[in-house]
Amino acid sequence: MLDLAIIIVNYNTAEDLCRCLDSLRDGMGALACEVVVVDNASSDGSVDMVREAHPWVQQVITNPVNGGYAYANNIGLRAVGYGHGQPLETLPRCALLLNPDTVLPPDALTKVVAFMDATPDVGVVGPRLVRPDGSLDKACRRCFPTPEVSFYRLSGLARLFPNSPRFARYNMTFLDEHSQADVDAVVGAFMLLRTPALEQAGLLDEAFFMYGEDLDLCYRIKQQGWRTVYYPAVTVLHVKGAASRRASRRAITAFYDAMRIFHDKHYRQQTPLVLNIAI
């Protein structure tokens, strides 16, 4: 049985992807891993780079079109057996969704898998993510964007009161970034998934093109009774936005589409009509 299937979705980020794969190769240790790179119709030579510079990558899948993040991740997950109703013992013990603009320290993989092994009720684990300037990537630990939580963020109250457990729930800035905590969601840039939790919840929802699919998956896994944990004992560099910078207008549109889809899917039915119209 594989310990870990690692799915990396790439779109025109060849340099970032090369650095990410270098850090992966150096950090697998004794783990039995399968790495799958799914390329979303890049035009920057990403696929040739992987095949030439990283021939150890087990699968390189080339999509003829850019179908989005959830679409490509699902292709990678299906390529290693997920989503087909196979017996759990035939699947990797865990799956890792990983962005190409991340750089892992040598002990990252072994530590997060060991933590998952030691906490059998945890379905999702995410590390502390930092930006190139050393600041926390606030998306690495989040509360679900309910209408109330979203209002506090969009109105500026979260920014005015970053230490408030009520107003600052969206990015949970009231928590010490070095303290482990149960959270609603972690970010898909580095999301470790326990196989039974993923199989119970199902694969990513392809209605989301980019953004929101990680929140939705965490929501569905939590509905199955699993915990999601922010695990800052591991710190990962996240350059962030490498692919979206190359298509910024589409990325902005995708972000607001994702929030609308998430609300419609999980909150619209229990939200008053007037508030739905406002949202």
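**Aromatic pairs, helices and cysteines**

Q: How does F255 count by relative accessibility, buried or partly exposed?
A: F255 counts as partly exposed, at 27% relative accessibility. Buried is under 20% relative accessible area, exposed is over 50%, and partly exposed is in between, using a 1.4 Å probe and protein chains only.

Q: What sort of model is this?
A: This is a predicted model, where local features need pLDDT of at least 70 and side-chain atom pairs count only at pLDDT 80 or more, while totals for chains, interfaces and linings use all residues. Residues are numbered from 1 along each chain as its sequence is written, and side-chain values use heavy atoms, with hydrogens and water left out.

Q: How many aromatic pairs are there?
A: The structure holds 11 aromatic pairs. In one of them, Y152 and F167 have ring centres 4.9 Å apart and planes at 85°, so this pair is edge-to-face. A pair needs Phe, Tyr or Trp rings (the six-membered one for Trp) with centres within 6.5 Å; planes under 30 degrees apart are stacked, over 60 edge-to-face, and the rest tilted.

Q: Where do Y152 and F167 sit in the chain?
A: Y152 is in helix α5 (residues 147-154), and F167 is in the loop between α6 (157-160) and β7 (181-182). The two are 15 residues apart, and the pair links distant parts of the chain. Helices (H or I, at least four residues) and strands (E, at least two) are DSSP runs, numbered from the N terminus.

Q: Is Y152 buried or exposed? And how does F167 count?
A: Y152 is buried at 6% relative accessible area. F167 is partly exposed at 22%.

Q: Which geometry do Y211 and F255 have?
A: Y211 and F255 are also an aromatic pair, edge-to-face, at 5.9 Å centre to centre with 75° between the planes. Y211 lies in the loop between α7 (195-201) and α8 (213-223), F255 lies in helix α9 (residues 248-266), and 44 residues separate them.

Q: What else about Y211?
A: Y211 is partly exposed, at 30% relative accessibility. Its phi is near 80°, a positive value in a residue other than glycine.

Q: What is the phi of N12?
A: N12 has a positive phi of about 55° although it is not a glycine. N12 sits in the loop between β1 and α1 and is buried at 11%.

Q: Which rings cluster? And where is the charged end of R141?
A: F144, Y219, F262 and Y267 make up one aromatic cluster. The charged end of R141 is over the ring of Y230, 5.4 Å from its centre. Being over a ring takes NZ of Lys or CZ of Arg within 6 Å of the ring centre and within 35 degrees of the ring normal.

Q: Which residues of α2 are buried?
A: In α2 (residues 46-53) the buried ones are S46, V47, M49 and V50. Down the helix axis they fall within an arc of 160°, so they line one face of the helix. The arc is taken from the directions from the helix axis to the C-beta atoms.

Q: What covers them?
A: The cover includes β1 (4-10), α1 (14-25), β2 (33-40) and β3 (59-63).

Q: How many residues of α8 are buried?
A: 9 of the 11 residues of α8 are buried. They pack against α3 (69-79), β6 (122-130), β8, α7 and α9.

Q: Which residues touch the most others in the largest nonpolar core?
A: I6, I8 and L24, out of 80 residues, touch the most other members. A nonpolar core is a set of buried Ala, Val, Leu, Ile, Met, Phe, Trp, Tyr and Cys joined through side-chain atoms within 4.5 Å.

Q: What does A189 touch?
A: Not counting residues up to four places away in sequence, A189 touches Y69, L97, L98, N99, T102, L129 and H238 (contact is heavy atoms within 4.5 Å). A189 is buried at 2%.

Q: How many disulfides?
A: The search of the whole structure finds 0 (a disulfide is a pair of cysteine sulfur atoms within 2.5 Å). For C33, the closest cysteine sulfur is in C94, 10 Å away, too far for a bond. C143 is in no disulfide either, with the nearest cysteine sulfur, that of C218, 12 Å away.

Q: Are C33 and C143 buried or exposed?
A: C33 is buried at 10%, and C143 is buried at 12%.
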